Amino acid sequence: MLSVFLFLTCQSYEQLKESPVKTNPPVIIANSEQFTLFSSNTQQDYKTYIHLSASYTRYDTTYPVIYGLDADIGFGMSSEMSTLLSFRKEMSEVIIIGIAYEAYPRQEGNNRTRDFTPSTSPTDKNTLAGKSA
């Protein structure tokens, strides 16, 4: 039984090595676009996603903005949920902005601690870091 398992495993591995890697075509989310921004503070590129409400181009009005991190994972869901909820009048129309690392999915240069941890300025008198003990 073990020899059959090993034979099938090796055969599957060889087939995987020989077959070309298939990639899925890009998914298009209506009223959305994606581009890259470079941060001079972190010296890193970030993928930035923007989803505009359906009425954005028709009306001269302002919209609330929701910022989300880990956009490679959550942008599609959050933009589609905002569209559905605003269509059903359960939420006002919003603009969704998602921020992700340019290196995803390999995660080179992923500095989550640096980017997601709030910081304070030592010179600001209104922050804990600026107050003397």
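Visitor: Hi! In which sense do strand 3 and strand 4 pair, and over how many bridges?

Guide: Strand 3 and strand 4 pair in the parallel sense, over five bridges. Here two strands pair if DSSP finds at least two bridges between them. Strands (E, at least two residues) and helices (H or I, at least four) are DSSP runs numbered from the N terminus. Before we go on: this is a predicted model, where local features need pLDDT of at least 70, side-chain atom pairs count only at pLDDT 80 or more, and totals for chains, interfaces and linings use all residues. Residues are numbered from 1 along each chain as its sequence is written, and side-chain values use heavy atoms, with hydrogens and water left out.

Visitor: Thanks. What stands opposite glycine 68?

Guide: That would be glycine 98, in strand 4.

Visitor: And what order do the strands of the sheet take?

Guide: The order is 1-2-4-3, in an open sheet of four strands with mixed pairing. Strand 1 and strand 3 are the edge strands, each pairing on one side only. On average, neighbouring strands are turned by 25 degrees against each other, direction ignored.

Visitor: New topic: helix 2. How many residues does it have?

Guide: Helix 2 has 17 residues, 71-87. From first C-alpha to last, helix 2 reaches 23 Å, close to the 24 Å expected at 1.5 Å a residue; the expected span is 1.5 Å times one less than the number of residues.

Visitor: Which of its residues are buried?

Guide: Ala71, Phe75, Ser79, Ser82 and Ser86 are buried in helix 2. Buried means under 20% relative accessible area, exposed over 50%, and partly exposed in between (1.4 Å probe, protein chains only).

Visitor: Why do they line one face?

Guide: Seen down the axis of helix 2, the buried residues fall within an arc of 65 degrees, so they line one face. The arc is that of the directions from the helix axis to the C-beta atoms. The face turned away from the buried side carries the exposed residues Ile73, Met77 and Phe87.

Visitor: What covers the buried ones?

Guide: The cover includes strand 1 (32-39), strand 2 (44-51), strand 3 (65-69) and strand 4 (95-101).

Visitor: One more. Where is tyrosine 56 found?

Guide: Tyrosine 56 is in the loop between strand 2 and strand 3. Its relative accessible area is 36%, which makes tyrosine 56 partly exposed.

Visitor: What is it in contact with?

Guide: Leaving aside neighbours within four places in sequence, tyrosine 56 is in contact with Tyr63 and Ile95; contact means heavy atoms within 4.5 Å.

Methods:
Axes are lines fitted to C-alpha atoms, for helices over the stretch in contact, and angles run from 0 to 180 degrees between N-to-C directions.
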